[in-house]
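User: Please walk me through this one. Keep it short.

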Amino acid sequence: MTTPSPVIETSGLTKVYPGGVRAVDDLELVVRAGEIFGLLGPNGAGKTTTAGMLTTRIIPTSGWARVGGVDVVARPAEAKRLIGVVPQTNTLDRSLTVRENLYFHGRFFGMDVRTARSEAVRLLEQFRLADRADARVDALSGGMAQRLMVARAVMHRPPVLFLDEPTAGLDPQSRIALWEILGQLHGEGHTILLTTHYMEEADQLCDRVAIIDQGKVIALDTPGALKRSAGAETTLIVSTSADPTALASLLLSEVAGVLDVAVVDGRVHVGVHSSQGLLPLVVQLAERNGFPLTDLSVTEATLETVFIRLTGKDLRE
Ligand SMILES: Nc1ncnc2c1ncn2[C@@H]1O[C@H](COP(=O)(O)OP(=O)(O)OP(=O)(O)O)[C@@H](O)[C@H]1O
Ligand SMILES: [Mg+2]
């Protein structure tokens with residue numbers, strides 16, 4: 001198997017703002033063709049600054065970045081043709097209708113009238129905005145406006161997409177609708193870099209995730225590997241009407257795959273790599289040894305766990 005070529009590549013990429021804030025510090029990143037890559041980090045981590053440098057909006061202090069093989073500092077105009085951008089704030093043109101926001105974007109990128117018209121219609125269908133085509137963008141809900149921003153970003157068919165906190169502030173339904181769209185774009189072969197401070201989003205959507213804090217990458221891997229690196233991936237929580245401490249010892253000694261046990265609030269927490277196939281074993285063993293079970297649940301480790309272990313703080317702080 002050959003490794004897909006890098007589509008986004010940075011080395012030593014650094015931004016120090018006037019006043020001295022080191023917003024991005026010596027970033028080394030390789031994003032491969034077709035990946036959905038996530039930058040996950042709390043407020044002020046440097047997500048927007050990173051996306052800004054990669055999309056030619058912010059000039060790095062030092063280091064370099066290439067997108068599609070094009071140096072974004074030396075050849076910004078060329079780089080811009082390869083990228084679609086969904087910024088953190090709404091940048092739709094409020095003097096235009098929904099359809100016109102797409103149409104004029106296409107024209108600006110050199111599409112002929114006929115292609116720009118038909119592409120706008122196609123994207124309005126794909127993004128479920130067709131019935132709002134002639135509305136002013138002011139009249140859109142937050143979720144619709146965000147879908148239109150994504151539609152506009154892909155209008156000139158760029159191979160690489162940058163989305164800065166695409167679902168921040170959206171209700172759960174709109175968030176899921178946007179995740180579906182990003183899944184479709186991924187399926188169409190786009191390489192996608194998205195920033196987020198929602199660990200579920202990074203976990204569910206991204207092939208690989210860089211966890212960043214204070215301008216530095218503190219961990220980078222697939223969501224699964226990141227969670228494994230945090231220790232036990234999955235916790236079984238077992239309640240019994242008998243002695244939980246005795247049950248904990250029994251499970252630790254008798255069930256293969258149990259990594260650790262603890263009694264928390266009278267319930268047995270069992271750390272395992274995977275709960276697959278374990279539940280019937282646990283139930284049978286407990287009942288056979290005189291531990292009637294009153295409850296059993298499974299909790300998966302999250303990227304939040306990883307962040308807390310690495311930084312000692314919460315993603316939302
Ligand atoms: N124009 C600017 N001038 C000075 N400092 C800035 C500027 N823009 C950002 N910063 C600082 O740089 C750091 C990183 O900011 P950035 O906006 O990249 O973070 P972020 O991860 O996108 O945060 P958020 O989740 O709030 O969007 C922060 O400390 C911020 O205050
Ligand atoms: Mg930001």
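Analyst: One term to begin: two residues are in contact if their C-beta atoms, placed from the backbone, lie within 7 Å. Helices (H or I, at least four residues) and strands (E, at least two) are DSSP runs, numbered from the N terminus. The model is predicted, so local features need pLDDT of at least 70 and side-chain atom pairs count only at pLDDT 80 or more, while totals for chains, interfaces and linings use all residues. Residues are numbered from 1 along each chain as its sequence is written, and chains are lettered from A and ligands numbered from 1 in the order in which they are written.

User: How many helices and strands does the protein have?

Analyst: Eleven helices and 14 strands. The C-alpha atoms fill a box of roughly 75 × 45 × 45 Å, taken along the principal axes.

User: What domains does the assignment give?

Analyst: Domain 1 covers 6–222 and domain 2 covers 232–300. Those bounds come from an automatic or database domain assignment. The C-alpha centres of the two domains lie 44 Å apart.

User: What share of the residues is buried?

Analyst: Buried residues make up 39% of the 317. A residue is buried if 20 or more other C-beta atoms lie within 10 Å of its own, exposed if 12 or fewer, and partly exposed in between; the C-beta atoms are placed from the backbone.

User: Let's look at α10. Which of its residues are buried?

Analyst: Helix α10 spans residues 278–288, and its buried residues are Leu278, Val282 and Ala286. They sit on the same side of α10, because they cover an arc of only 55 degrees around the axis. The arc is that of the directions from the helix axis to the C-beta atoms.

User: And which residues are exposed on the other side?

Analyst: Pro280, Gln284, Glu287 and Arg288.

User: Switching to α5. How far does it reach?

Analyst: Helix α5 (residues 142–154) has 13 residues and reaches 19 Å from its first C-alpha to its last. That is close to the expected 18 Å, which is 1.5 Å times one less than the number of residues.

User: Which parts do its buried residues pack against?

Analyst: They pack against β6 (83–86), α3 (98–108), α4 (113–126), β7 (160–164) and α6 (172–187). The buried residues of α5 include Leu148, Met149 and Val150.

User: What surrounds ligand 1?

Analyst: 14 residues do, and the closest are Tyr17, Ala23, Lys47, Thr48 and Thr49. A residue is near a molecule if its C-beta atom, placed from the backbone, lies within 6 Å of it. Helix α1 (residues 47–54) gives the most to this shell, with three residues.

User: Last topic: which phi does threonine 56 have, positive or negative?

Analyst: Positive, about 70 degrees, although threonine 56 is not a glycine. Most residues other than glycine have a negative phi. Threonine 56 is in the loop between α1 and β4 (62–67). With 20 C-beta neighbours inside 10 Å, threonine 56 counts as buried.

User: What about glutamate 165?

Analyst: Its phi is positive too, about 50 degrees. Glutamate 165 lies in the loop between β7 and α6. Glutamate 165 is buried, with 22 other C-beta atoms within 10 Å.
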